[in-house]
Amino acid sequence: MDTRRLSVPGTDEGVREALDALAGLVSDHGLSKSVTWPVEVSLDEVLANVVHHALAGRGAAATVELELRLDTRTVPAECELVVSDDGPEFDPLAADAPDTSLAVEDRPVGGLGIALVRRLMDDVAYERRDGRNRLRLRRRLVALEG
Amino acid sequence: MRIDEERAAQALVLAPQGRLDSVTSSELERHVAARLDAGERRLVLDLAAVEYISSAGLRVLLVAAKRLKEPPAALVLCGLGPGVRTVLELAGFVPLFAIEPARAQALARLSG
């Protein structure tokens, strides 16, 4: 079990740092992008949400706490992410799913992120605890193709 | 983010490299907007070197598609790896775009 904890600023630079850390964790264990990309995409979606909504306007003074955990004792390996912030209470899982059947000109731009996370991860759970938003995501690292 | 460009007779080809995530996508968006503002109307986005795409990247594709909707303007996507294609499928984007396997076919589609 390899667990990496980090604290990043609630900015684009922080998102980049967190995505780099996850890419480093999975590549240190020799895992292929073909099985890790759903987790990497999901981390980007969750962090973009936190940085652009929960922590919006607070800049680098706000931080996001992350736990990136990889369990390679199981086959397939399993990856778990915990993302927490001290922004106002917000459960991203409570948002409505977007309508993906609309024509291109009728599509609202954006709003797809959390719907993607639900499809890409095996398990997503939100809790509000000790004044913090805490999102936990888990996936068994098998290839996913539409 | 590095964005390779190739000027072909039929279209301008843009090939972003690496992740199309919530940080890098705005760079691609600005790049595409600058080319379209300069009068470019036929665009190929070659995604062969894209590691993965998140909804921020999808948004850039959607914005470009909206601006290039009226013929003879055109947008063709190509070089989608399995992960990129899966994200487009999950988002319901596949029917909205002209998609070709590789750059040669994308350009051939625009030469007719």
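Mentor: Keep in mind that this is a predicted model. Let's start in chain B, where helix 1 (residues 25-37) and helix 2 (residues 55-67) pack at an angle of about 15°, with axes 9 Å apart.

Trainee: What makes helix 1 of chain B roughly parallel to helix 2 of chain B?

Mentor: Angles under 35 degrees count as roughly parallel. The angle here is about 15°, so helix 1 of chain B is roughly parallel to helix 2 of chain B. As for handedness, helix 1 of chain B passes helix 2 of chain B in a right-handed crossing.

Trainee: Which residues of the two helices make the contact?

Mentor: Helix 1 of chain B brings S25(B), L28(B), E29(B), V32(B) and L36(B), while helix 2 of chain B brings A56(B), G57(B), R59(B), V60(B), V63(B), A64(B) and R67(B). Sorted by kind, the residues of this contact are seven nonpolar, two polar and three charged.

Trainee: How do you know that the radius of gyration of chain B agrees with a compact globule?

Mentor: Compare two values. A compact globule of 112 residues would have a radius of gyration near 13 Å, and chain B has 13 Å, so the two agree. The C-alpha atoms of chain B fill a box of roughly 30 × 25 × 20 Å along the principal axes, and 45% of the 112 residues count as buried.

Trainee: Which elements is chain B built from, and in what order do they run?

Mentor: Chain B has four helices and seven strands. Read from the N terminus, they go β-β-β-α-β-β-α-β-α-β-α. Also, 69% of the chain B contacts between residues at least 6 apart in sequence join residues at least 24 apart.

Trainee: Over to chain A. Why is R58(A) called partly exposed?

Mentor: Count its neighbours. A residue is buried with 20 or more other C-beta atoms within 10 Å, and exposed with 12 or fewer. R58(A) has 16, so R58(A) is partly exposed. You'll find R58(A) in the loop between helix 2 and strand 2 (63-71) of chain A.

Trainee: And what makes R136(A) partly exposed?

Mentor: R136(A) has 16 C-beta neighbours inside 10 Å, so R136(A) counts as partly exposed. R136(A) sits in strand 5 (residues 132-140) of chain A. Leaving out residues up to four places away in sequence, R136(A) touches E80(A), V82(A) and A125(A). The C-alpha atoms of R136(A) and E67(A) are separated by 9.3 Å, with the two residues 69 apart along the chain.

Trainee: At what angle do helix 2 and helix 3 of chain A pack?

Mentor: About 145°, with axes 9 Å apart. Their crossing is left-handed. P38(A), V41(A) and S42(A) are among the helix 2 residues in this contact, and I114(A) and L116(A) are among those of helix 3. By kind, the contact divides into eight nonpolar, three polar and one charged.

Trainee: How many residues of chain A are in contact with chain B?

Mentor: 26 residues of chain A are in contact with 26 of chain B. On the chain A side, helix 1 (12-28), helix 2 (33-54) and helix 3 (113-120) each supply at least two residues. Helix 2 of chain A gives the largest share, eight residues. That side of chain A divides into ten nonpolar, six polar and ten charged.

Methods:
Residues are numbered from 1 along each chain as its sequence is written. Chains are lettered from A and ligands numbered from 1 in the order in which they are written. This is a predicted model: local features need pLDDT of at least 70, side-chain atom pairs count only at pLDDT 80 or more; totals for chains, interfaces and linings use all residues. Two residues are in contact if their C-beta atoms, placed from the backbone, lie within 7 Å. Ala, Val, Leu, Ile, Met, Phe, Trp, Tyr, Cys and Pro count as nonpolar, Asp, Glu, Lys and Arg as charged, and the others, Gly among them, as polar. Axes are lines fitted to C-alpha atoms, for helices over the stretch in contact, and angles run from 0 to 180 degrees between N-to-C directions. Angles under 35 degrees count as roughly parallel, over 145 as roughly antiparallel, 65 to 115 as roughly perpendicular and the rest as oblique. A crossing is left-handed if the near helix is turned anticlockwise from the far one by less than a right angle, and right-handed if clockwise. The radius of gyration is taken over C-alpha atoms; the globule rule is 2.2 Å times the number of residues to the power 0.38.
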